[in-house]
Amino acid sequence: MRALVLGGGSVDGIFAGAGAAKALLERGARFDLLAGTSAGALVATAIAAGRLHRIEELLETLLPGHLVRDDQPFADLRRARRLLRKGHLLSATPLWELLEVEFPDDVLDAIPAERVSIATFDLRRRRMFEWSPGVGAARFRAALFASMSVPFLMTSVALAVDGARYELVDGGVTATHPVRLVLPPLWKAKQEGEPAEIVVVSTLTFKAEEEIPRRGLKRLYRILKSVKGGFVTELSNAEFDAAEEIGVSQRWIQIHTENLEADDFTREQIRRAFADGYAAARGGVGRVGRSERA
């Protein structure tokens, strides 16, 4: 049994991850399980739905504002008021509309429930929750949106399932590379004498701090980077160690990208991210050690 796990990474994560996935599939790789967080959740779902080609087609049509938009530009006071009133800085309505178009109910309903899992973070319980198409198309699409909803920048998603209420945001808060989502079925496969392998695609890099335009955002970025570089990395390492302990082989594709912002990129940059991912996967995958990047 083989699993593909895709990490997050904003816009470059979407296209670099899609490029890597395309190269792997062209080389004949087949994956029984798919898992992803944030941008990786989108790519994993696209693969499961047979719509990976649609991400490649977006290279020629996607522009800033087609995923998120800043409807309070040039006004820090208005930004602060919006953050206090709504809890987020950017409008992600375009992303929601894109998901409705690309993943309608009939497409999501056709995905086997056990085929793909995506990670979100629940603000109410302060822990990761995974979602599969088995919860129903509308809920899964909402969870997919939530998995990409960066806290404070984008809105959280309220979701109710079987009487339980969730407030979901970006799965990358605690699951940078959600290996844990595929470990139970891989462990079962090992118990039954089958080979088990995980291929991890990582596009997560840190933007240089001097590229952050405002002092307040620099401080927020330092906090987020510290969190990512601390306990989230340790959680990832624990997952890799757990896979190793149960005898699941692991392979890693690290893609170095430009760390593009969802509201500020050029078409050439996203084409380059896709090409970088494709080239990294074509170049082969190497043995995973401990995670050095968060």
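Analyst: The model shown is predicted, and the answers below go from the whole chain to single residues.

User: How many helices and strands does the protein chain have, and what share of its residues is buried?

Analyst: The protein chain has 10 helices and 9 strands. Of its 294 residues, 50% are buried, the term for a relative accessible area under 20%. The accessible surface comes to about 13,600 Å², and carbon and sulfur atoms hold 52% of that surface.

User: What share of the contacts in the protein chain with a separation of 6 or more joins residues 24 or more positions apart?

Analyst: Such pairs account for 77% of those contacts.

User: Why is Arg126 called exposed?

Analyst: Exposed means over 50% relative accessible area. Arg126 has a relative accessibility of 67%, and therefore counts as exposed. Its place is the loop between strand 3 (116–122) and strand 4 (127–131).

User: What makes the phi of Arg126 worth noting?

Analyst: Most residues other than glycine have a negative phi. Arg126 is not a glycine, yet its phi is positive, at about 55°.

User: Which loop holds Asp162, and why does Asp162 count as exposed?

Analyst: Asp162 lies in the loop between strand 5 (157–161) and strand 6 (164–170). Its relative accessibility is 76%, and the cut-off for exposed is over 50%, so Asp162 counts as exposed. Asp162, a residue other than glycine, also has a positive phi, near 50°.

User: How do you know that the side chains of Arg125 and Asp122 form a polar contact?

Analyst: A polar contact requires a pair of N or O atoms within 3.5 Å. The side chains of Arg125 and Asp122 are joined by such a contact at 2.6 Å. Leaving aside residues up to four places away in sequence, Arg125 touches Ala164, Arg165 and Tyr166.

User: How do you describe the packing of helix 2 and helix 7?

Analyst: Two packed helices are described by the angle and the distance between their axes. For helix 2 (residues 39–48) and helix 7 (residues 137–147), the angle is about 145° and the axes are 7 Å apart. Helix 2 contributes Ala41, Leu42 and Thr45 to the contact, and helix 7 contributes Phe140, Leu144 and Ser147. These residues divide into 4 nonpolar and 2 polar, with no charged residue.

Definitions and conventions: Residues are numbered from 1 along each chain as its sequence is written. This is a predicted model: local features need pLDDT of at least 70, side-chain atom pairs count only at pLDDT 80 or more; totals for chains, interfaces and linings use all residues. Side-chain values use heavy atoms; hydrogens and water are left out. Helices (H or I, at least four residues) and strands (E, at least two) are DSSP runs, numbered from the N terminus. Buried means under 20% relative accessible area, exposed over 50%, partly exposed in between (1.4 Å probe, protein chains only). Contact means heavy atoms within 4.5 Å. Accessible areas come from the Shrake-Rupley method with a 1.4 Å probe; for residues, only the protein chains shown count as cover. Axes are lines fitted to C-alpha atoms, for helices over the stretch in contact, and angles run from 0 to 180 degrees between N-to-C directions. Ala, Val, Leu, Ile, Met, Phe, Trp, Tyr, Cys and Pro count as nonpolar, Asp, Glu, Lys and Arg as charged, and the others, Gly among them, as polar. A polar contact is a pair of N or O atoms within 3.5 Å; within protein, one must be able to donate a hydrogen and the other to accept it, and residues adjacent in sequence count only if both atoms are side-chain atoms.
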